[in-house]
Amino acid sequence: MNDSISQNFATDREVRDLLMCSKQKLSKPVLAEIALARGIIYSPKTTREELVELISMLPFDHSEIIDLIQRREHPRRADKTTSIVLQGDIAIEDIRAVITDYTGEVYGQEKVTTQRISNTVEVHVKFDEIDYAKNRLIRRQSHDIKIEFIKQEDHTIVRLPAIEKGQLVVENLIGKIESRRKGTISTLTIDLSQVRVADKRTLFFTNLISDLPEFRLRNVTSIRIAKFPIENIEEDFDLEDPEFESETGSLLAIVQNVVFSGENLTTSPEYQELLHRGFYITGIRWQSQQETAPFHLLQFEAQFEDTENCKDFKYDVRYCPRSSRNTYSMKFKRFQNEDAGYFLELIENIAQENFLTLTKTI
Amino acid sequence: MGENANISRMAEILSKEVFAEFLWQQIGPMNKSWQCEQKEAHDTKEHPSDVVFFYDEPYSHSRTYINCDLKSYSKSSITSDAITKAAVSLSKQIACAEQSAEWQSLYVHDDMDYNVIGLLFVYNHDGQYEGDFRKRLDSIDIKDLHHPAGSKIIILGPEDIHWLDNIRYEITYMRGSQNSDRLPDREFYRYFYPQLPGRRNLQLDKAKAATLDILTSQYVILHYKDPRHSDREGVIVFYRRADATAQDFMYLIDYLRLHGLIKENITVKIKTLHSGNLPVEFQKGMQQYIEGLNDGYQDSSPQQTDISPLAELIKEIKLSPFSQVRTTFSDIPIGMDYE
């Protein structure tokens, strides 16, 4: 980023576009703060648009332009996680070797760093996405993704961010491992596309929230649903459909009631009615309390990106620490680095067990 | 000497020495009080104008009048509370000045489009203040301010004043120099405003003064014509950033190039108040910038080296630190009371 900016002075128009384009990150108070850093206080009656015009006419040096760019950049919204299980015994040396090959392959475009921690090989891939349709101060978005290869006895779990670039890098690396081993590797991913029954798809999620060991389910705060076409009549699949919204609310209420009352979901007549109409859960967010120290309240999320086929499973976990008064602020934050691994592994294990059980009976 | 006399003396020094060098002009009486137009809302009968300056705006057909509130504080008096109170008071002054026939008759020329801005000048008279003055501004709640739409107030703290005073001193020193770096008299120089793609430079000939937008930025660029050689010009860039990197200098060079200031007949000098690592960063930045220019450049003549004429001109740019001075504008507290 810095080279292209430092070689080319930014015009007032470019600065104006930069300031104008992000109303949230460069709000009126933030613009006022930028001016105040120079000792300038515009009238409180100045609108945001007027502030943008006024500030864009000020001279900025390179460091100040970089500061403006960084103020606009959205810290990348935390990506959800997904995983692939590579069957068979793959040597850590093979994994490291293909990462080295990949590093050479993308030299100059991506920056790849590797770290081995015990049975895990951690790969960081830094890259930029550039949208040439935008002016040069706002066209670049930097990313840093982490991919983990976790070696187990007879398989390897590959944990990655659930974004296209993560998938592409992992596919590339798996291809290289296969070439190196001169044979294909069978993989396992959570995919319910063959499960064409609404209640089984829903069961996948209800089991997931109730089967977590060492946790007590506290609440289900949101669900996403989809619907099978009934009697071969194709229906529009639209999450914005108000009628559909109503079914989402109904199913969430039913699931919450089950959580609080401990009743069996399948005995609920309202649930049976929604099942009959082809509705099933495609995503869920729930809170579970840790039953052992440090007694965090965890907020889990699990969902299928492809809701129609229940493919592309992804998940996330955040936590809210227990206060000294044994209460929770309900402000959930992300775990730092390896702490998340334990909880992500819990979801991965339960999801896999559920998936295998459900698909076994097809 | 009483407070009024001290304000007058400080205003006099600022007028004749500091802001005169930035081509500001003083107008009307110094240290003058005038009737408040919103006595109930402002909770005062009068507002002060310690000194009023004016300059023409480069990017609009208008004249800006700067109503100054001069403060001279000891280190311990430069508090968030004191600065906030002073800012609120100045904001009221500006709100009234725009409406006051009395103020306008004292300070505004006839038949001019104009705007009024406030300048809060916070001088540290014991020279002991080393804190981050900008942090003192954080407590100002913009909702408490009164200055009208289109107006603004500027707050210059001890470090800003030190910076501007040193530019002033360097210009004066260079004007008196007998060497090749001698600056011509004021009539031969002006402060530089780039043509902005988003705004025409509307008063290129008329607007010569350094506006507060320029004086509060990292670059103050003085552009002069050599009266002895009509085709020779010079540019002096006063660059404030103490921790400037090679990239900062590359960007500055590109700024000068883009605005037509790197030419055969123009001498370019960059002046910094700090030395430290800046010469090294400047050299790196200049070399990297030239490397970027020379990418793909091949002169067709075999006698020539593979360097562009522009690169040769860039190599001529000199960076030098200028000596630090500290002027005494006041040796006692001024402006500790608020109406």
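View 1. The strands follow the order 1(A)-7(B)-6(B)-5(B)-4(B)-1(B), with mixed pairing; a strand is a DSSP run of E of at least two residues, numbered from the N terminus, and two strands pair if DSSP finds at least two bridges between them. Strand 1 (40–42) of chain A and strand 1 (25–27) of chain B stand at the edges with a single partner strand each, so one side of each lacks a neighbour in the sheet. On average, neighbouring strands of this sheet are turned by 30° against each other, direction ignored. This is a predicted model: local features need pLDDT of at least 70, side-chain atom pairs count only at pLDDT 80 or more, and totals for chains, interfaces and linings use all residues. Residues are numbered from 1 along each chain as its sequence is written, chains are lettered from A and ligands numbered from 1 in the order in which they are written, and side-chain values use heavy atoms, leaving out hydrogens and water.

View 2. Strand 1 of chain B pairs with strand 4 (residues 51–56) of chain B in the antiparallel sense, over 3 bridges. B:Gln25 has B:Phe54 as its bridge partner in strand 4 of chain B.

**View 3. An open sheet of chain B.** Its 5 strands lie in the order 8-9-10-11-12, with mixed pairing. Strand 8 (189–191) and strand 12 (318–321) of chain B are the edge strands.

Notes: Helices (H or I, at least four residues) and strands (E, at least two) are DSSP runs, numbered from the N terminus. Axes are lines fitted to C-alpha atoms, for helices over the stretch in contact, and angles run from 0 to 180 degrees between N-to-C directions.
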